[in-house]
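The sequence and structure come first.

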Amino acid sequence: KTAHPQLSVWIATGDGDGLSIGGNHLAHILRRNVDIKILLFNNQIYGLTKGQYSPTSPVGLKTKSSPMGAIDRPFNPLAFALGCNATFVARTIDTHQKHMQGVLEAAAQHKGTAFVEIYQNCNIFNDGAFDDIAVRDVRDDRTVDLKPGQPLVYGKNLDKGIKIDSMETKVVSAAEATTWNAATKSGGPAYVLAEMDLEKPEKPVPIGIFRSVEAPTYDEEINRQ
């Protein structure tokens, strides 16, 4: 990409290779703001290498490599990306095709590293990992879509909202919901929302665009030098 800035470069990775053996590479791509797009498919398991627990597997998950239950605390991919000062951070779900299309279009238009976590079901080794938020019957009440410039509302009737107050999140009425700003230089509000899924099922899981800011890209700067 640095040698040929005109190329459109997309990397497809997973929770296993992206956050384990490839974690070093991922961290430095994000902090350098190389103008590429990264799709991290998260199924909370090593799907291609036959079902070992991964860096995002929940505590207690029983797998071939953790028969008594995983004891590792899992990575939060979005918090990781925000901690690396990524300029574009988003999350979508593999079965929400319209939502995923919108997120990927925004990633494609972003100048710099775009990091997109995609919740993806592994029907062989970890089937149903995201059923409590992703299936059609529950997803309106279990997810809140982060749309820049729009209030953080959710529910089948869009009557519930999320309010960010003193770096904490509260479930409120739609009228009290915080209007989302993904372009703030501070990653604090985005980080608060990224951590919100740890509080389930009391609160919805955030999807959409967590951060989208402008910054010099690595390839532009190295070619300028």
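## A polar contact at S54

A polar atom of the S54 side chain lies 3.4 Å from the backbone nitrogen of I45. A polar contact here is a pair of N or O atoms within 3.5 Å; within protein, one must be able to donate a hydrogen and the other to accept it, and residues adjacent in sequence count only if both atoms are side-chain atoms. S54 sits in the loop between β2 (37–42) and α3 (77–83). Helices (H or I, at least four residues) and strands (E, at least two) are DSSP runs, numbered from the N terminus. With a relative accessible area of 4%, S54 is buried (buried means under 20%, exposed over 50%, partly exposed in between; 1.4 Å probe, protein chains only). Neighbours within four places in sequence aside, S54 is in contact (heavy atoms within 4.5 Å) with D15, G16, Q44, I45 and Y46.

The model is predicted: local features need pLDDT of at least 70 and side-chain atom pairs count only at pLDDT 80 or more, while totals for chains, interfaces and linings use all residues. Residues are numbered from 1 along each chain as its sequence is written, and side-chain values use heavy atoms, with hydrogens and water left out.

## The sheet

An open sheet of six strands runs in the order β1-β2-β4-β3-β9-β5, with mixed pairing. Two strands pair if DSSP finds at least two bridges between them. The edges are β1 (10–14) and β5 (143–146); each has a single partner strand, so one side of each has no neighbour in the sheet. From one strand to the next, the twist averages 20°. Axes are lines fitted to C-alpha atoms, for helices over the stretch in contact, and angles run from 0 to 180 degrees between N-to-C directions.

β3 (residues 88–93) and β9 (residues 205–212) pair in the antiparallel sense over four bridges. F88 has S212 in β9 as its bridge partner. Helix α2 (residues 23–32) packs on the sheet, touching β2 and β4 (114–119), and its direction makes about 140° with that of β2.

## Nonpolar cores

A nonpolar core is a set of buried Ala, Val, Leu, Ile, Met, Phe, Trp, Tyr and Cys residues joined through side-chain atoms within 4.5 Å. The largest has 38 residues, and those touching the most other members are L26, L30, V89, F115, V116, L193 and F210. Another core, of seven residues, lies apart from it and includes I93 and F130.

## Positive phi angles

L158, a residue other than glycine, has a positive phi near 50°. L158 is exposed, at a relative accessible area of 52%. M167 has a positive phi near 65° and is partly exposed at 48% relative accessibility.
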